[in-house]
Amino acid sequence: MRRRTGIVIGTCAAMALAGVAGVVVSAPGGTSSAGTWQQIRETPAEVRTPVAEHAIASAPAVPRAPRTTASSSMSPSAPAPSESDKAPNRKVQDRRLESAQAPDTGRERIGRLIEVDRLLGYLAGPQRQEFAYPGASYVKLHFGKLTMLPGDYVTVSNPAGTESYRYESDADGRWAMSITGDTAIVEVHRKVNPLGLGDVLGGLSVGVDRVARGDERRKAPAGPGREESVCGTDTSTDAVCYQSKDPVAYTKSKAIARLLINGTELCTGWRVGAKNRMITNNHCLTTSAEAYDTEVWFNYQCAKCGGFDVFKPTKVWGDQVLATDKTYDYTLFTVDGFESVQKFGYLTLDTARPKKGQQLYVPQHPAGEPARIAGSQGEAAGNCEVDNPDYTGYAPRSDVSYFCDTAGGSSGSPVISRATNKVVALHHFGGCPNSGVRGDLLAGRLRTYL
């Protein structure tokens, strides 16, 4: 493990979403839900950043154990399309990244960062400190310093103690896992030390220097500023609505995860293949340093169709970036704590080239909300089908276009064929038509990793 972090999670966590204090709900049969997903009036959407050139700034280097990363994965068996193959469609300069509220990164922005200066334990400060932000959907702390004596540790928990994470000295300069709800409690746990040995030593301290607080909101209906992704009437629904009418699609949706990057930014990712492998867009994350600070939330879904109760997600950290490519806009990475998410299943890339008219569905976390699925069966599927199998993304004929409803935060979602239930595209562009990188091209480039 890259972090010496213990995790204790109870049956339910207090949750506050969209400015409303959450209500803890225990579901029968051992399945738990946490909190309330409440709809609020949304302010006008921020203008999406036009993409003229894909230049993503990498996160600063973070001291850690050596990691093996790859800056690109280009399989010789799957050569890039040539300019002569270019299909007539919109230029990439006219396209918009699906996650583009944070112009410096190209990711959807959620919540806000707050600068703080709090010391705990040792020579100064209390042993226990509460960080409360009424109305926040989550509270996430950053340790500016975490230097303790051997055997000492820190916990970050919710007030009920049903969600709790343990950190030791090697978490210095890193983010803690988010606490669902509007309050996080930090407590220093000290080894029995009757002589006070070490208290007089300099350099020992626990310091919190930043807090990320989540301010979530329901995705607004189609309207000004949102036409680029919701094409007409938004027909996407809560993933759980498919549990009875389309159990295969519902089961496949379990393999997707909400990505919380660097405290306040969002994308979607999903398990690809049976191994410890996750995939998202290159414009979502590119380096292991970014993956280290990325929370991967599985089972973040509504408990009832159209309801507000939300299952308590299973949260793990991103780990190593194995391969990434800007042109084909993908990043393949692993997670720390893989054994806890294996039960959610995985998806498979379709090696066959997509065909025009092929019906699709897209499980996703638009605007960071609980999992939704765009595209129903039969006539209800509407325009969620392949519109152009030779669409231009960052390279000629690299993409598949469609009119399935998506939104900021949906970047990195799987676009799945109804015929095969395999992934035919990795969603990354809005613009009506929306588009994703062809799954068959990705299968060729990632074969050795999967």
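For the cut-offs, buried means under 20% relative accessible area, exposed means over 50%, and partly exposed is in between, with a 1.4 Å probe and protein chains only.

Before I go on, some housekeeping. This is a predicted model, so to speak of a local feature we need pLDDT of at least 70, side-chain atom pairs count only at pLDDT 80 or more, and totals for chains, interfaces and linings use all residues. Numbering runs from 1 along each chain as its sequence is written, and side-chain values use heavy atoms, with hydrogens and water left out.

Searching the whole structure turns up 13 salt bridges.

Back to R190, then. R190 pairs with D152, and the closest N and O atoms are 3.7 Å apart. The two sit in distant parts of the chain, 38 residues apart: R190 is in the loop between β12 (183-189) and β13 (205-213), while D152 is in the loop between β8 (138-147) and β9 (153-157). When I say strand or helix, I mean DSSP runs numbered from the N terminus: H or I with at least four residues for helices, E with at least two for strands. D152 counts as buried, at 6% relative accessibility.

Next pair: E163 and K315, with the closest N and O atoms 3.1 Å apart.

R353 is partly exposed at 39% relative accessible area, whereas D390 is buried at 18%. There's also a network: R112, R213 and D215 are joined by salt bridges that share partners.

D440 itself is buried, with 15% relative accessibility.

Helix α4 also takes us to the cores. A nonpolar core here is a set of buried Ala, Val, Leu, Ile, Met, Phe, Trp, Tyr and Cys residues joined through side-chain atoms within 4.5 Å. The largest one has 31 residues, and W270, I279, Y330 and L349 touch the most other members. At least two residues each come from α2 (247-253), β20, β21, β27 (423-430) and α4 (439-446). Helix α4 gives the most, with four residues. As for W270, its contacts beyond four places in sequence include I279, L349, P414 and L426. Apart from this core lies another, of 29 residues, including M148, L149, I179 and A184.

I179 brings me to a sheet. It's an open one of four strands, antiparallel, in the order β6-β13-β8-β11. Strands β6 (112-120) and β11 (179-180) are at the edges with a single partner strand each, so one side of each has no neighbour in the sheet. Pairing, by the way, needs at least two DSSP bridges between two strands. β8 and β11 pair in the antiparallel sense over two bridges, and V139 stands opposite I179 in β11.

Most residues other than glycine have a negative phi, and most peptide bonds are trans. C432 and P433 are joined by a cis peptide bond, with omega about 15 degrees, and P433 is in the loop between β27 and β28 (434-438). N262 has a positive phi, near 55 degrees, in the loop between β15 (256-261) and β16 (265-271). N299 has a positive phi too, near 60 degrees, in the loop between β18 (294-298) and β19 (309-311). N262 is partly exposed at 36%, but N299 is buried at 14%.

Key: A salt bridge is a side-chain nitrogen of Lys or Arg within 4 Å of a carboxyl oxygen of Asp or Glu. Contact means heavy atoms within 4.5 Å.
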